[in-house]
Amino acid sequence: MATNSVVSAFKVLEAVARMQPVGLSELARAVDLPKSTTQRCLLTLHEVGWLAPTESSPPRWQMTYRAIAVCGRAGVGRGLRDVAIATMNELQLATTETVHLCAPDGDSLVLIERLDTSHPLRAFLPLGERISLHASATGLAYLSACDPAVVDEYLAGPLAASTPDSITDPGRLREVLAEVAARGYSTNIGGLSAGISSIGAPILDHGGTPVGAISVSGPSSRMVEERFDELGPQVAAAAARIGVLLQ
């Protein structure tokens, strides 16, 4: 494909990831491309295994597992997911709650691995989900370890609320980030998903640069604030162990 066609294909791929399952007309409007161009991109991405149509008529388009298989290998050194998985298992067994691993992509994080709890009532985010830095435990943890210039740039942008409990005031967020940095872990009650509480910690490389974040999440009815002092240090210790393994 020509360069413009490659750019269009990636626009279509990213839009499907956000909107799936999505129909042709809606997708063409979202990416601001002619329907014929969008259709060609869809068929090409289907041919190489990245997208698949649903069985409905007309078909709607969705991502395949190839995206997870390929993108899950991205990261630092051996790959953040590969390095972190054993520690994630230990943390999941110790806390009995869902463990999430996220890596940065632009001005958000992407969920690259999730270990589920055996509890019937649980926190759930799909792999590949984009996560706001200011509305999540992983995001707040990651942002607390970023260079001040990165924080300033992020807080100057739009801060949309994921739930009524999301913190969107830049001044308050600066206070929270200072608390997280001093404590070593973040807490988030209902800020990303209503009724879900999370505790996160940043994963740092050998130079002290944040390369991701890990969290423990569960229903707020079970992840009560009284448990934060117990779980927070466990999450922070897990993040530190992963950071050492990256070196």
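1. The model is predicted, so local features need pLDDT of at least 70 and side-chain atom pairs count only at pLDDT 80 or more, while totals for chains, interfaces and linings use all residues. Residues are numbered from 1 along each chain as its sequence is written, and side-chain values use heavy atoms, with hydrogens and water left out.

2. D205 lies in the loop between β7 (196-204) and β8 (210-219); strands are DSSP runs of E of at least two residues, and helices are runs of H or I of at least four, numbered from the N terminus. D205 is buried, with 19% relative accessibility (buried is under 20% relative accessible area, exposed over 50%, partly exposed in between; 1.4 Å probe, protein chains only). The D205 side chain reaches the backbone nitrogen of G207 at 2.9 Å.

3. S162 belongs to the loop between α7 (148-155) and α8 (170-183), and is partly exposed at a relative accessible area of 37%. Beyond its neighbours within four places in sequence, S162 contacts S132, A135, G191 and L192 (contact: heavy atoms within 4.5 Å). Between the C-alpha atoms of S162 and S193, 31 residues apart along the chain, the separation is 7.1 Å.

4. The second largest pocket has a volume of about 210 Å³ (a pocket is an open set of points on a 1 Å grid where a 1.4 Å probe fits, with protein on both sides within 12 Å along at least five of seven lines; lining residues have an atom within 4 Å of a point; the volume is the space filled by probe spheres set on the points). Of its 13 lining residues, I167, V176, T187, N188 and I189 are the closest to the centre. The largest share of this lining, five residues, comes from α8.

Methods. A polar contact is a pair of N or O atoms within 3.5 Å; within protein, one must be able to donate a hydrogen and the other to accept it, and residues adjacent in sequence count only if both atoms are side-chain atoms.
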